[in-house]
Amino acid sequence: MNECYYDKRMDFFYNRSNTDTAEGWTGTSLVIVLCFGTFFCLFIFFSNSLVIAAVIKNRKFHFPFYYLLANLAAADFFAGIAYVFLMFNTGPVSKTLTVNRWFLRQGLLDTSLTASLTNLLVIAVERHMSIMRMRIHSNLTKKRVTLLILFVWGIAIFMGAVPTLGWNCLCDISTCSSLAPIYSRSYLIFWTVSNLVAFFIMVVVYLRIYMYVKRKTNVLSPHTSGSITRRRTPMKLMKTVMTVLGAFVVCWTPGLVALLLDGLNCTQCGVQHVKRWFLLLALLNSIMNPIIYSYKDEDMYSTMKKMICCFSQERNPERRLSSLPSTILSRSDTSSQCKEDSISQGTVCNKSSS
């Protein structure tokens with residue numbers, strides 16, 4: 001019977017797998033990493049919160065597609081939490097972690113990736129339902145959308161917890177991987193292959209939907225009544241989703257390929273030297289998505305801009321007061337003067353003087 005190592009700290013597994021834990025991350029280099037990481041995570045929190053608030057605030061976004069888009073922003077927000085936890089539990093600190101804390105660190109990252117991936121799959125289903133009927137939005141009820149969102153997070157949490165539930169190498173350390181020292185190589189192969197296959201399926205599905213929408217729009221446009229904007233809206237939504245999907249695939253595929261090579265026990269592939277860069281690339285995805293939403297969707301951009309302006313005006317009441325038209329201020333001054341005169345003289349101001 002194999003011996004299990006649940007009570008060991010991570011230094012035991014890192015030393016055994018010869019994993020580089022960035023011992024040199026001290027002093028200036030550590031401060032720079034923490035500063036940049038903090039800035040990017042704060043931007044992720046702020047921008048994705050803004051997207052969610054925009055969907056709630058603007059009635060134009062009260063449709064299934066935008067609810068799912070807000071859920072994708074929630075997944076990016078969760079990714080920010082995962083990166084913050086990783087930032088303070090990586091480098092030299094990694095070797096001091098307990099097994100359960102390391103599982104939590106990696107589980108948060110796995111959950112955020114699965115949430116984004118599953119959400120994009122659900123958006124593909126929603127777009128297919130609407131496009132096949134040549135509608136801007138599908139007829140999914142709020143109850144069904146809520147169930148889909150719960151389904152997304154249920155799958156994400158389960159996939160993030162699978163190694164903790166038993167698919168690990170704590171009782172068979174000969175099968176441990178290098179990049180993830182307590183993940184078994186068989187799990188890494190399963191997880192990366194399933195994600196890469198899902199990427200491929202999504203790209204094919206979205207391309208088919210995009211081509212269908214483009215063909216139908218070109219055929220029906222000369223014969224369809226209604227504004228040009230309304231006819232182009234399905235294509236605009238598809239372009240937004242495809243841009244998000246493209247960024248997602250580009251940012252996550254290199255890291256998944258590195259994990260797959262590690263799962264295949266490719267000792268000559270040098271995955272240790274590129275793992276941090278691929279992780280930063282994955283972080284970049286959560287930063288890019290809110291920028292894509294605002295750039296591709298004019299309504300989203302204007303709503304987010306108004307919310308930022310309102311927030312800044314509430315924080316600076318003097319600036320808000322100075323932005324009022326001079327006519328209103330002069331009218332207010334005249335009214336005040338009139339009241340003072342009427343009090344001193346015992347008369348009432350008429351409308352012409354106010």
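Is Cys-4 buried, partly exposed or exposed, and what is its relative accessible area? Cys-4 is partly exposed, with a relative accessible area of 32%. Here, buried stands for under 20% relative accessible area, exposed for over 50%, and partly exposed for what lies in between (1.4 Å probe, protein chains only).

This is a predicted model, in which local features need pLDDT of at least 70 and side-chain atom pairs count only at pLDDT 80 or more, while totals for chains, interfaces and linings use all residues. Residues are numbered from 1 along each chain as its sequence is written, and side-chain values use heavy atoms, with hydrogens and water left out.

**View A. Cys-4 is joined to Cys-171 by a disulfide.** A disulfide is a covalent bond between the sulfur atoms of two cysteines; the cut-off used here is a pair of cysteine sulfur atoms within 2.5 Å. The structure holds three of these links. In the pair of Cys-4 and Cys-171, the S to S distance is 1.9 Å, and the link is right-handed, with 110° about the S-S bond. This pair ties together distant parts of the chain, 167 residues apart: Cys-4 sits in the segment before helix 1 (10–17), and Cys-171 in the loop between helix 5 (142–165) and helix 6. Helices are DSSP runs (H or I, at least four residues), numbered from the N terminus. Cys-171 counts as partly exposed, at 25% relative accessibility.

**View B. Cys-169 and Cys-176 form a disulfide.** Their sulfur atoms are 1.9 Å apart. Look for the right-handed link, with 100° about the S-S bond. Both Cys-169 and Cys-176 are buried.

**View C. Cys-266 and Cys-269 are joined by a disulfide.** The S to S distance here is 1.7 Å. Because the torsion about the S-S bond is about 75°, this disulfide is right-handed. Cys-266 is partly exposed, with a relative accessible area of 27%, and Cys-269 is partly exposed too, at 33%.

**View D. A nonpolar surface patch includes Val-193.** Val-193, Val-197, Phe-200, Ile-201, Val-204 and Val-205 make this patch of about 480 Å². Patch residues have over 30% relative accessible area and no salt bridge; like charges are joined within 9 Å, and nonpolar side chains (Val, Leu, Ile, Met, Phe, Trp, Tyr) within 5 Å. A salt bridge is a side-chain nitrogen of Lys or Arg within 4 Å of a carboxyl oxygen of Asp or Glu. You can find Val-193 in helix 6 (residues 185–220), where Val-193 is partly exposed at 37%.

Methods. Areas by Shrake-Rupley, 256 points an atom, 1.4 Å probe, with all protein chains shown as cover. Helix = DSSP H or I, 4+ residues; strand = E, 2+ residues; numbered from the N terminus.
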